[in-house]
Each structure stands twice: as C-alpha cells, then as structure tokens.
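Visitor: Could you take me slowly through one part of this model, the pairs of oppositely charged side chains, and tell me where their partners sit?

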Amino acid sequence: MKLILNADDFGLTETVNHGIVECFKAGVVKSTTIMMNQPGTQHAIELYHQGLVPEVGLHFTVTAGKPLTPPEQVPSLVDEHGHFFCNVTLFDKSDVNEDEVMLELNAQYQAAINAGLKINHIDSHHFGGVFKPLKAAFTRSANTIGLPVRRIDNIVNGQDSLLVPTPSAFDMRFFDDGVSLSNLQDILLSYQTATPNATVELMCHPSLSVDEELKLLSSYSDKRVEEYQLLTSPELKQWLADHQIECIGFDDLK
C-alpha cells in the first residue's frame, strides 16, 4: 500500500512551516499544501526556494483571511470588512456565486505560480472545495487546471464530474482526538487489509510549537505539536517499513 501524508496549512505561521519542514526531513511526510493568504506565506515560499520542501500543492483557502481577488469582485464570499466568512457561515450560505469561487481559486493558484512554486496538486482548507456551496466551482477549476486533487467525496458523495487524478481513498480521522500512533496504525491496517494496492491520503497538521499567532489564527493548536512529534518519530517510520507501507507524495501519484 502507498500512503500520502499531506501536511495542510503550509504558510499559516512560521512555526507551522518549520514543523512541516522537519516532518519532510524525517521522511514520512512527503507532501504539503500552501495557503497563499496567510501571515506565514512568504516565509513558506522562501523555505521552498531553499529546497527544504521538495514538493508543494495549493491549499485553496476561502474560509480564513482575505481574498487575493479584490473583495468587491467576490461579494458572496466576504463580510463587510472584506474578510472571508468562517467555514460555518460559508457552508450554510445559499447564495455562493460559482464564478466568484473560481475567480478566487484561480487567483490563489496564479499567485503560487508567480511565486515560483511548482504546484503539483490542489486541496482546500476546511474542505472548502468539498462542501456543497463550493464543490461545483472547485471541480470546474480543478478540471481546467488539470492537476491531481484530494478526493472530494468525503463530505458530499460523488466526484464523477472530476476529470483529474485523485488518491484511491482519503481519510480524515488522523485529527484532534484521532492523533495517536495506535489510531494511525489502525486506520492504515484497515486499508491495507481491504485494499492492499491502494494509495491512501491522510491529512496532517504539524507545528514545531504553539505561539500566540497560531492560537489567534487557528482553534487547532496544541494537537499540532503532538502530530509533529508523532510524524517525526523513528517508531512510526520503522512501523511503516515493517508493514511495507510506502510513503509517497503527489509527484508519485499515477
């Protein structure tokens, strides 16, 4: 079985960025996705150009921060201050404009390309591209760009209209209370038993430490350090090798 452990939120803060770099060095995490509108974005870009992040995708963000598109061009996505609506508000909205979603996704993708990043796949922060108000627009944009994406059938069933490659499965249980070696092992063994030739993607959210900036930007903070410690542990790397689970990135997705 092949495993993609994708580190979400590259670019959120510098401590998150450093945690992701250390996970790459440890050899288990081989994929990450960058947020193009966060305080640590430029720092993440610099780390990439230093060769510390071998591959990177786009973490399409429409539920945190400000759009890269002028706010007046994406009115269904922003509040009166020009900030994106939070995920709870956005995913309940009935008037999300599909063209605005595509405009912003393309703006973030182009910003990454302009920064010299070789983007190799796309996913979305808070599963923004998966929930019903945005799924059609995310799918259309992904098809146009033509890069692999994270599966989009984990919240709303179906991805038949998606024309680009995805992993065989995506599992979101390695998160919060699910962050433990035993739970990770159980998840992977269940897939290995049922689909031994599959490529399974799990998201992860490591951070080297927790500072006030991270706490301000994300309600998910302390667990990020636990993830970092687990993902860089020799015990996990050895267990994966013993069970013939190969860690890959999206560059290896065929």
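Guide: Asp95 is partly exposed, at 48% relative accessibility, where buried means under 20% relative accessible area, exposed over 50% and partly exposed in between, with a 1.4 Å probe and protein chains only. This is a predicted model, in which local features need pLDDT of at least 70 and side-chain atom pairs count only at pLDDT 80 or more, while totals for chains, interfaces and linings use all residues. Residues are numbered from 1 along each chain as its sequence is written, and side-chain values use heavy atoms, leaving out hydrogens and water.

The partner of Asp95 is Lys93, with 2.5 Å between the closest N and O atoms of this salt bridge (a side-chain nitrogen of Lys or Arg within 4 Å of a carboxyl oxygen of Asp or Glu), and Lys93 is buried at 19%. Elsewhere, shared partners join Asp8, Asp123, Arg150 and Glu201 into one network of salt bridges. The count of salt bridges comes to eleven.

Asp8 is buried at 3%, and Arg150 is buried at 4%.

Asp9 pairs with Arg224, again with closest N and O atoms 2.9 Å apart, linking strand β1 to helix α8 (residues 222–231) across 215 residues. Here Asp9 is buried at 1%, and Arg224 is buried at 2%.

How values were computed. Helix = DSSP H or I, 4+ residues; strand = E, 2+ residues; numbered from the N terminus.
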